[in-house]
Amino acid sequence: MVRSLTQCYRLISRVFGFNCKSRGCPIGVELTVLGSGSGGNVTLVSIEDTQVLIDAGLSCREICRRLSHLGVNPEDIDAIIITHAHGDHARGARVFSRRYHVPVYTTLRILNEWGVKDLYEWRELRPDDIRAIGDLSFQSLVIPHDASETLAFRIDTPDGVIGFATDIGVITSELVALFRECRVLVMESNHATDLLRVSPYSLAMRTRIASSEGHLSNEELADFIRNHLGESVSCIVLVHLSRVNNAPAIAELTCREALVDCGREDVRIVMTFQDKVAQTIHFVTAGIKKMHAENFLQEGLPFSEATNAQMTETRR
Ligand SMILES: [Zn+2]
Ligand SMILES: [Zn+2]
């Protein structure tokens with residue numbers, strides 16, 4: 001099933017052998033979170049002929065299954081970018097890279113912690129550098145988290161800037177500056193502070209999650225929104241929600257309250273899920289500011305039993 005304009009044009013291009021861009025077709029940037037949470041994180045950012053996965057933390061098979069529901073062939077993926085070496089971000093990258101001949105971009109420190117030596121191809125990212133992949137450009141920034149190195153990204157596209165940061169112990173002034181001009185923010189909203197306090201997790205695990213090298217709470221994200229949200233932001237995508245220490249309704253409400261507090265009721269919130277593909281965000285269809293609900297895919301995808309069995313609410 002064709003689920004977006006880009007996929008429609010891509011299909012037409014493939015079948016009839018012409019370039020939509022040269023004929024003025026409105027192919028714009030699309031962002032879809034294929035899965036998010038401690039069981040595996042994968043996000044697809046695409047524009048015209050460039051398709052990039054940010055993280056590949058589900059099995060290769062499950063990534064392909066979810067891509068197929070978006071009408072995307074795994075052979076058409078141009079790059080995988082790994083934010084950090086935890087399994088929920090890197091699990092399927094090696095097999096995907098080798099099977100579909102996809103280069104993997106990450107830093108040397110992340111590669112060394114990950115320990116994989118037989119990728120199809122490794123291309124080095126350096127913190128603070130800007131790296132172009134097709135029409136997308138990725139500026140990386142190191143953020144606090146308990147991996148050897150964890151990257152956030154400012155992604156410049158022809159249709160606006162995306163800020164992408166998950167697994168954040170604490171929001172730094174550098175991250176605030178990096179995200180100032182964004183139109184869309186993809187940010188962690190991992191746990192509700194009160195739910196973490198009464199969580200069945202061990203004290204050590206709760207302390208680690210709440211630490212400045214752990215995960216970002218709903219309340220910490222709300223503080224960022226109240227104090228630092230850029231005027232150009234029109235959409236916030238909440239990712240990496242804990243299934244034990246959070247609830248989608250609580251995360252969304254906390255974010256919404258912060259937006260109301262700072263007079264930003266116009267900002268749309270998009271929720272993401274561990275077990276199904278989230279709504280696709282289209283940058284060009286109607287302009288982010290004018291987007292209506294019908295521009296989003298409302299339907300989630302079923303979750304395979306195989307992947308369900310892999311899901312554990314662990315640190316990685
Ligand atoms: Zn994670
Ligand atoms: Zn992590």
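Predicted model: local features only at pLDDT ≥ 70, side-chain atom pairs only at ≥ 80, totals over all residues.

User: What does the secondary structure of the chain come to?

Analyst: The chain has 11 helices and 14 strands. Buried residues account for 47% of its 316 residues. Of the contacts between residues at least 6 apart in sequence, 64% join residues at least 24 apart.

User: How are the strands of a sheet held together, and in which order do the strands of the open sheet that includes E7 stand?

Analyst: In general, strands of a sheet pair through backbone hydrogen bonds, in either a parallel or an antiparallel sense. Here, seven strands make up an open sheet in the order E7-E8-E9-E10-E11-E12-E13, and the pairing is mixed. Strands E7 and E13 (268-271) are at the edges with a single partner strand each, so one side of each has no neighbour in the sheet. From one strand to the next, the twist averages 20°.

User: Which residue pairs illustrate the two senses of pairing in this sheet?

Analyst: For the parallel sense, take E12 (residues 235-239) and E13, which are joined by four bridges. Ile236 stands opposite Ile269 of E13. For the antiparallel sense, take E8 (residues 136-142) and E9, joined by six bridges; there Gln139 has Arg154 in E9 as its bridge partner.

User: How many bridges join E9 to E10, and what lies between the two strands?

Analyst: E9 and E10 (residues 160-165) are paired antiparallel over five bridges. One bridge pairs Ile155 with Ile162 in E10. The two strands form a hairpin, with two residues between them.

User: Is strand E9 largely enclosed or open to the outside?

Analyst: The general idea is to count the buried residues of the element. In E9 (residues 151-157), six of the seven residues are buried, so this strand is largely enclosed by the rest of the structure.

User: What is the order of the strands in the open sheet that includes E14?

Analyst: That open sheet has seven strands in the order E6-E5-E4-E3-E2-E1-E14, with mixed pairing. Its edge strands are E6 and E14 (281-282), each of which pairs on one side only. E5 and E6 run parallel and are joined by three bridges, with Arg123 in E6 as the bridge partner of Tyr105.

User: Which strands does helix H4 lie across, and what covers its buried residues?

Analyst: For a helix on a sheet, one looks at the strands it lies across and at the angle between the directions. H4 lies across E3, E4 and E5 and runs at about 165° to E4. Within H4 (residues 93-100), the residues Ala93, Arg94, Phe96 and Ser97 are buried. Their cover includes strands E3 (50-56), E4 (79-81) and E5 (104-106), as well as helices H2 (60-69) and H3 (87-90). Just after H4, His101 adopts a positive phi of about 55°.

User: How is the packing of two helices read, for instance that of H9 and H10?

Analyst: One begins with the distance and angle between the axes, then turns to the residues. The axes of H9 and H10 come within 9 Å and cross at roughly 20°. The two helices are therefore roughly parallel to each other, and their crossing is right-handed. The residues of this contact divide into eight nonpolar, two polar and four charged. On the H9 side they include Leu221, Ala222 and Ile225, and on the H10 side Ile250, Ala251 and Leu259.

User: What else do the buried residues of H9 pack against?

Analyst: Besides H10 (248-261), they pack against strand E11 (184-188). The buried residues of H9 (residues 218-228) are Asn218, Glu220, Leu221, Ala222, Phe224 and Ile225. H10, in turn, lies across E12 and E13 and runs at about 160° to E13.

User: Finally, is Asp129 buried or exposed, and where is its place in the chain?

Analyst: Asp129 is exposed because 11 other C-beta atoms lie within 10 Å, and the cut-off for an exposed residue is 12 or fewer. Its place is in the loop between strand E6 (122-124) and strand E7 (130-133). The C-alpha atom of Asp129 is separated by 6.2 Å from that of Ser140, a residue 11 residues apart from Asp129 along the chain.

Terms used: Residues numbered from 1 in each chain as written. Chains lettered and ligands numbered in written order. Buried ≥ 20, exposed ≤ 12 C-beta atoms within 10 Å, placed from the backbone. Contact = placed C-beta atoms within 7 Å. Pairing = 2+ DSSP bridges. Axes fitted to C-alpha atoms, helices over the stretch in contact; angles between N-to-C directions. Parallel < 35°, antiparallel > 145°, perpendicular 65-115°, else oblique. Left-handed = near helix turned anticlockwise from the far one by under 90°. Nonpolar A, V, L, I, M, F, W, Y, C, P; charged D, E, K, R; others polar.
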